[in-house]
Amino acid sequence: MAMDFFESQDVARRNTGRLVLYFVLAVIAIVTLVYLAVAAAVLWSHSRGGMAAPFQWSNLWDLNLLLWVGLGTVILIASASLFKMAALASGGGIIAESLGGRPLDPNTANRLERRLLNVVEEMAIASGTPVPPVYLLDDAGINAFAAGFSPDNAVIGVTRGAIQTLSRDEMQGVIAHEFSHILNGDMRLNIRLIGIVHGILIIGLIGYFILRSSLYSGRYRSSRRQGNPLPLIVLGLALIVIGYAGMFFGNLIKAAISRQREYLADAAAVQFTRNPHSIAGALKKIGGWVNGSTLETPKVQEISHMLFGPGVAGLWGAMFATHPPLVDRIRRITPSFDGEFPEVSPVTEPTTAAPAMAAAASAFAAAGAPPPQGAPDAVSQIGRPTTAHLAYAAGLIDALPTRIKQTVHEPFGARAVVYALLINTEPEPRDRQLTRLAEHADRPVYDETKAILPLMEQLDPAARLPLVDMAVPALRALSPKQYEAFGNNVDQLVKADQKMSLFEWT
């Protein structure tokens, strides 16, 4: 039975919405329990003789106290959550580096790393999104992730085990899966999930602080026969239980949400590539690889829901499984899977594109064919790449002069590429633009701009926007001062002829 990918996506989105509601209900339950603990401690401390005095549960309900405790608890959870999210929201590079990842050199000579970068570039251009920086993790497990708060600051992370064991088709399936997370807003949801669980954990940490303080205070007072620290001790214990129980159930809900988003991303990956065997093959190799998808980092439990594969093993991984079982994921894609995982060995294939993709790319490039979709449908196609888009993207990249492909990947050269794209063909505005660059651009960048101008003028116009997307990772590496100067120069180059083209506006 064939898989209905669009129906699968709709089901996953509906289930995710229901599980987010469970998170809200969990916070309400935590607020209620914290109120009961605080109210009981207050009532007890005000009772004469402690437990010897009458204790009536009906006296626990104090509307004013409920409002203050509820408001305080929500503010506390929200503040801790927002703090955690803010720490992760500046870009996916922070998460990648915390896992031990290193950014790949865009002009690397390593054939496996080069193949990975090519696949990411093709997928980004086909999706109509900026090309994200790629990080390599020196882990033997087969895994990958997309991290960031938006497509503009997203990064792709891939393990060394993945690039050494997956074929190009399988790697394309994995990268398509990660681009689905980028395009469907899953990265932002993932960061929010980390923040919410962290916010709930704060309740337990405060309980631990109260417990320690009250025990110390109790020893101090007992020497003077003053006060009764027991209510505070009980309150501290109650908050610890509430906080860690809340975190426990929060992690369970986080895992359930993540499982639904994994099904969605798997379906989207097949939709993008129209090749179910690509992602299914990658999943089968995780099952047959001696290292599975395991990451050797203490932070793996916190970020496991961001990964392509579970990343953890053992009982702890099973309790908070953020991914469906491999067999279930594979059978949703290829129902005929018999449950047997293959033996896995490092890939030995050449690093060129898969035969079908390479042939299509060459045909597009040789014919100078237009993009697969016409202009009226361009906006609707953003974030919905197909095999035609991927082949076209591969063809555009393959047709670029070698010097341009090398230059666009460096902070120094990326500026020259963008400047050259904006240089006018008419003599008068062209002279003004070059004069502006000679006076305000770094001299080496100006020289490089003039050197590549003849190559840029011969480019297919359809390659202009993809080149800008390819330049984005290198431009992000500019210092604030360099970026300010770059922005000013771009602005003046656009204004040089007193009119604005569609490309300049874009």
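Student: Which residues do ring pairs link into a cluster?

Tutor: Rings of Phe, Tyr and Trp (its six-membered ring) pair if their centres lie within 6.5 Å; planes under 30 degrees apart count as stacked, over 60 as edge-to-face and the rest as tilted. Here, ring pairs join Tyr419, Tyr483 and Phe486 into a cluster. The model is predicted: local features need pLDDT of at least 70, side-chain atom pairs count only at pLDDT 80 or more, and totals for chains, interfaces and linings use all residues. Residues are numbered from 1 along each chain as its sequence is written, and side-chain values use heavy atoms, with hydrogens and water left out.

Student: How many aromatic pairs does a search of the whole structure find?

Tutor: The search finds 3 aromatic pairs. One of them, Phe337 with Phe341, is tilted, at 5.7 Å centre to centre and 50° between the planes. The pair of Tyr419 and Phe486 is tilted because the ring centres are 5.6 Å apart and the planes lie at 40°. Helices (H or I, at least four residues) and strands (E, at least two) are DSSP runs, numbered from the N terminus. Tyr419 belongs to helix 17 (residues 411-422) and Phe486 to helix 21 (residues 480-495), so their pair ties together parts that are 67 residues apart in sequence.

Student: Are Tyr419 and Phe486 buried or exposed?

Tutor: Buried means under 20% relative accessible area, exposed over 50%, and partly exposed in between (1.4 Å probe, protein chains only). Both Tyr419 and Phe486 are buried. Phe337 is buried because its relative accessibility is 7%, whereas Phe341, at 31%, is partly exposed.

Student: Where does the charged end of Arg332 sit?

Tutor: A charge sits over a ring if NZ of Lys or CZ of Arg is within 6 Å of the ring centre and within 35 degrees of the ring normal. The charged end of Arg332 sits over the ring of Tyr263, 3.6 Å from its centre. Likewise, the charged end of Arg464 sits over the ring of Phe503, 4.3 Å from its centre.

Student: In what order do the strands form the open sheet?

Tutor: Two strands pair if DSSP finds at least two bridges between them. The 4 strands take the order 1-2-4-3, with mixed pairing. Strand 1 (102-103) and strand 3 (144-147) each have a single partner strand, so one side of each is left without a neighbour in the sheet. Strand 3 pairs with strand 4 (residues 155-159) in the antiparallel sense over 4 bridges; Val158 in strand 4 is the bridge partner of Ala144.
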